[in-house]
Amino acid sequence: HMSRPVLAIDPGREKCGVAVLAADGRILTQEIVATAGLADAVGALIAAHEPTIIMGNGTTSAEARARVEALGRTVTLVDEYRTTDAAKALYWAVHPPRGWRRLVPRGMLVPPVPVDDFVAVILARRFLQIQIV
């Protein structure tokens with residue numbers, strides 16, 4: 001059992017979802033950062049939290065991983081399978097639909113903003129093996 005926080009990164013070509021979760025699964029921070037600024041953002045989060053670092057194994061993970069490992073940190077790759085669907089569900093759980101969107105099945109709704117940060121949360125929770133509701 002780990003007591004260290006987990007920093008999860010959902011790597012993307014232009015933007016990355018970033019989240020830090022406590023060992024018990026609480027979200028400490030989540031944000032979307034420009035891929036160009038990933039190393040700076042991660043460096044600040046490392047300094048603040050001293051986390052274990054994980055990253056989704058998607059198509060752009062190699063470049064993002066190199067940026068983080070250049071900071072002298074080890075990155076563990078985790079499976080991204082179906083994380084986008086889980087992230088959309090989590091987005092709507094955190095931001096319940098209003099107005100006409102309430103009438104549409106949530107699985108059909110497209111969040112009005114990117115959900116890369118929620119993908120990072122899902123990756124961290126999977127890594128921590130916390131059951132996602």
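Predicted model: local features only at pLDDT ≥ 70, side-chain atom pairs only at ≥ 80, totals over all residues.
Student: Which residue has its backbone oxygen 3.3 Å from a polar atom of the side chain of Thr60?
Tutor: That residue is Pro11. Residues are numbered from 1 along each chain as its sequence is written, and side-chain values use heavy atoms, with hydrogens and water left out.

Student: What makes a pair of atoms a polar contact?
Tutor: A polar contact is a pair of N or O atoms within 3.5 Å; within protein, one must be able to donate a hydrogen and the other to accept it, and residues adjacent in sequence count only if both atoms are side-chain atoms. The 3.3 Å between Pro11 and Thr60 is within that limit, so the pair counts.

Student: Why is Thr60 called buried?
Tutor: Its relative accessible area is 13%, and buried means under 20%, exposed over 50% and partly exposed in between, with a 1.4 Å probe and protein chains only. Thr60 is therefore buried.

Student: Where does Thr60 lie, between β4 and what?
Tutor: Thr60 lies in the loop between β4 and α2. Helices (H or I, at least four residues) and strands (E, at least two) are DSSP runs, numbered from the N terminus.

Student: What does Thr60 touch, not counting residues up to four places away in sequence?
Tutor: Thr60 touches Pro11, Gly12 and Arg13, where contact means heavy atoms within 4.5 Å.

Student: Is Ser61 buried or exposed?
Tutor: Ser61 is buried, because its relative accessible area is 8%. Ser61 has its place in helix α2. A polar atom of its side chain lies 2.9 Å from the backbone oxygen of Gly58. Leaving aside neighbours within four places in sequence, Ser61 is in contact with Pro11, Met55, Gly56 and Leu77.

Student: Why is α3 called roughly perpendicular to α4?
Tutor: Helix α3 (residues 83-94) and helix α4 (residues 116-128) pack at an angle of about 110°, with their axes 8 Å apart. Angles of 65 to 115 degrees count as roughly perpendicular, under 35 as roughly parallel, over 145 as roughly antiparallel and the rest as oblique, so α3 is roughly perpendicular to α4. The axes are lines fitted to C-alpha atoms, for helices over the stretch in contact, and angles run from 0 to 180 degrees between N-to-C directions.

Student: Which residues of α3 meet α4?
Tutor: They are Thr83, Thr84, Ala86, Ala87, Leu90, Tyr91 and Val94, and their partners in α4 include Phe118, Val119 and Arg125.

Student: What makes β3 and β5 the edge strands?
Tutor: The open sheet has five strands in the order β3-β2-β1-β4-β5, with mixed pairing. β3 (27-34) and β5 (76-78) each pair on one side only.

Student: How do you know that two strands pair?
Tutor: Two strands pair if DSSP finds at least two bridges between them. Strand β2 (residues 15-21) and β3 have seven bridges in the antiparallel sense, so they meet this rule. Among the bridge partners, Ala19 has Gln30 in β3, and Val18 has Glu31 in β3.
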